[in-house]
Amino acid sequence: MKILDEIFNNLGLSQSYIFFGDDIELINKFSLEFAYRVIGSKTNIMDSIIFLGNNIKSITINDIRFIKSEVIKKSIYHKNKVVLISNSERMSVEAQNAILKTLEDQSKNVFIVLILNDINKILDTIISRCIVINFNSILKSSENNFGRIYGGEDSEKIYELLINSLINFRMFKFNNFSENINSLVAYKNKLDLITDMMYIFIRDLFIYIKMKDTDIISNDKFLGYILELGNLLKYFNIDKSIFELEKFKSRVNLNINFGLSLRLFIFRIGGD
């Protein structure tokens, strides 16, 4: 099952990624699926996918030098190369500075993925050059979090309005879309709850569209909505969706019109 198949619509957006979260084994599997997509094959990968960090206690500058020596070699079978560095927080400071130089100078056909638990152990200069994917936010929500989100008086209504607004937008029912947005504006004083619902909403879409797994949708009451959106969204981009959610929060915090900010969020994640 290709969990990360087509997770990024435009690989040209970045050649450097950080995948982080609590379950390294799971993220390693995701990363390998990502690598298969980048090189376009699951066969003849020995000189196209470079692995490092699975079974070592520390990653030294010599390990990074090895990576540099490998990526400059031309692959026999594939155009692109992918470097997967698991447990990247184990890199020494010297190793991090070396990988930073590699990120700055990497060839256009080389993609680097840093896989780790603790992003706080990574240099800010590295983080700034990578697209960061927090798998805890996307794929893992605790039972307590679900209880808090779906236990409140307004929670399910907010979720329903969010998902209906995207459905109506995709079906060009703009009057209904406007009504959904106007109804959501009534909850603008509950920004934390709205953004929580947005995260779970994005998670549910990702799980169904990319994994086709309906068993772990956060609330089966809304499964019909998710199935409908799965047919409407041909190119759902989770990285873009998380990015647009952060932009939505920033706009609201800057006192930009709440309704306009919601419209922009739905437009950005719902447009092909």
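Visitor: Why is Phe265 called buried?
Guide: In this predicted model, Phe265 has a relative accessibility of 0%, and because buried means under 20%, Phe265 counts as buried.

Visitor: Where does Phe265 lie, and which residues does Phe265 touch?
Guide: Phe265 lies in helix H12, which spans residues 258-270. Leaving aside residues up to four places away in sequence, Phe265 touches Met198, Ile202, Ser241, Glu244, Leu245 and Phe248, where a contact requires heavy atoms within 4.5 Å. One of these residues, Ser241, is 24 residues apart from Phe265 along the chain, with 8.3 Å separating their C-alpha atoms.

Visitor: What makes strands S1 and S4 a pair?
Guide: Strand S1 (residues 16-20) and strand S4 (residues 110-116) run parallel and are joined by 5 bridges; since pairing asks for at least two bridges, these strands therefore pair. Within this pairing, Ser16 stands opposite Ile112 in S4.

Visitor: In what order do the strands of the open sheet come, and which are the edge strands?
Guide: The open sheet consists of 5 strands in the order S2-S3-S4-S1-S5, with parallel pairing. Strand S2 (49-52) and strand S5 (131-134) are the edge strands, because each pairs on one side only. On average, and with direction ignored, neighbouring strands of this sheet are turned by 15° against each other.

Visitor: Which helix packs on the sheet, and which strands does this helix touch?
Guide: Helix H1 (residues 24-39) packs on the sheet and touches S1, S2, strand S3 (81-85) and S4, while the direction of helix H1 makes about 170° with that of S4.

Technical notes:
Residues numbered from 1 in each chain as written. Predicted model: local features only at pLDDT ≥ 70, side-chain atom pairs only at ≥ 80, totals over all residues. Heavy atoms only, no water. Helix = DSSP H or I, 4+ residues; strand = E, 2+ residues; numbered from the N terminus. Axes fitted to C-alpha atoms, helices over the stretch in contact; angles between N-to-C directions. Buried < 20%, exposed > 50% of the residue type's maximum accessible area, 1.4 Å probe, protein only.
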